[in-house]
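This report describes the charged side chains of one protein model. Please consider the sequence and structure shown here before reading on.

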Amino acid sequence: MVNVEHIGIAVKNFGEANALYFKLLGVEPYKTEFVESEAVNTSFFKVGGTKIELLEGTTPDSAISKFIEKRGEGIHHIAFEVEDILAEMERLKSEGFTLLNETPKKGADNKLVCFVHPKSANGVLVELTQEMK
Ligand SMILES: C[C@@H](C(=O)O)C(=O)SCCNC(=O)CCNC(=O)[C@H](O)C(C)(C)COP(=O)(O)OP(=O)(O)OC[C@H]1O[C@@H](n2cnc3c(N)ncnc32)[C@H](O)[C@@H]1OP(=O)(O)O
Ligand SMILES: [Co+2]
């Protein structure tokens, strides 16, 4: 794992949350992006060498909508950047982690991503990200 690529935060109201994080961090999001496959609106704020990703579910069965329903708003996942996502997926599988997708999928911000089940990582949903070349 190279670094903490981003921390994902589940929010109810995307517009209000973006305004609040602008006040908190003192920077505008450098991009917002709708990710259809995950049914989420996302925005990214640069903070030092890492990023904060705000996520709003766009359908009731989006992972973000379900998370907020069950646990309320808050930190949803930690994303680690990796150089070779296929190799990291194999390594984590052989170490006994439960992967939530068997093949990398297209995430936000030009990345390939894979999620690790929170039940296999001390209650933390982990995302692996690899820059798409
Ligand atoms: C676009 C992008 C990007 O950066 O590129 C993104 O981040 S997309 C981010 C949105 N996409 C995703 O998260 C995709 C991967 N996520 C998933 O596949 C799902 O959300 C799961 C993590 C499997 C959870 O699904 P679901 O809630 O339906 O399953 P479940 O009811 O069986 O929940 C299993 C247990 O995990 C807990 N649980 C659910 N979500 C959790 C989370 N984010 N962190 C920690 N624990 C979590 C539930 O409360 C429950 O605990 P108890 O059993 O104790 O009640
Ligand atoms: Co993410």
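## Lysine 111 and its partner

Lysine 111 is buried, at a relative accessible area of 5% (buried means under 20% relative accessible area, exposed over 50%, and partly exposed in between, with a 1.4 Å probe and protein chains only). Its side chain meets that of glutamate 131 in a salt bridge, 3.8 Å from N to O (a salt bridge is a side-chain nitrogen of Lys or Arg within 4 Å of a carboxyl oxygen of Asp or Glu). The pair links distant parts of the chain, 20 residues apart: lysine 111 is in strand E7 and glutamate 131 in strand E8 (residues 126-131). Helices (H or I, at least four residues) and strands (E, at least two) are DSSP runs, numbered from the N terminus. Glutamate 131 is partly exposed, with a relative accessible area of 38%.

## Basis of the model

This is a predicted model, in which local features need pLDDT of at least 70 and side-chain atom pairs count only at pLDDT 80 or more, while totals for chains, interfaces and linings use all residues. Residues are numbered from 1 along each chain as its sequence is written, and side-chain values use heavy atoms, with hydrogens and water left out.

## Further salt bridges

The structure holds ten salt bridges. One of them joins aspartate 109 to lysine 31, with the closest N and O atoms 3.0 Å apart. This pair also links distant parts of the chain, 78 residues apart: aspartate 109 is in the loop between strand E6 (105-106) and strand E7 (111-116), and lysine 31 is in strand E2 (residues 31-35). Aspartate 109 is buried at 11% relative accessible area, whereas lysine 31 is partly exposed at 27%.

Glu5, Lys31, Glu33, Lys51, Asp109, Lys111 and Glu131 are linked in a network of salt bridges. Glutamate 102 forms a salt bridge with lysine 93, the closest N and O atoms being 3.1 Å apart. Glutamate 102 counts as exposed because its relative accessibility is 54%; lysine 93, at 35%, is partly exposed.

## Positive surface patch

Lys66, Lys70, Arg71 and Lys119 gather in a patch of positive charge on the surface (patch residues have over 30% relative accessible area and no salt bridge, and like charges are joined within 9 Å). Arginine 71 lies in helix H2 (residues 63-71) and is exposed, at 63% relative accessibility.

## Annotated domain

The UniProt annotation "domain: VOC", from an unreviewed entry, covers residues 3-131. The end C-alpha atoms of this span lie 13 Å apart, and the span is 24% helix and 40% strand.

Definitions and conventions. Chains lettered and ligands numbered in written order. Patch = residues over 30% accessible without salt bridge, like charges linked within 9 Å, V, L, I, M, F, W, Y side chains within 5 Å. Areas by Shrake-Rupley, 256 points an atom, 1.4 Å probe, with all protein chains shown as cover. Lys, Arg positive; Asp, Glu negative; His and termini not counted. Charge placed at Lys NZ, Arg CZ, Asp CG, Glu CD. UniProt positions renumbered as here; feature names shortened; annotations may be inferred.
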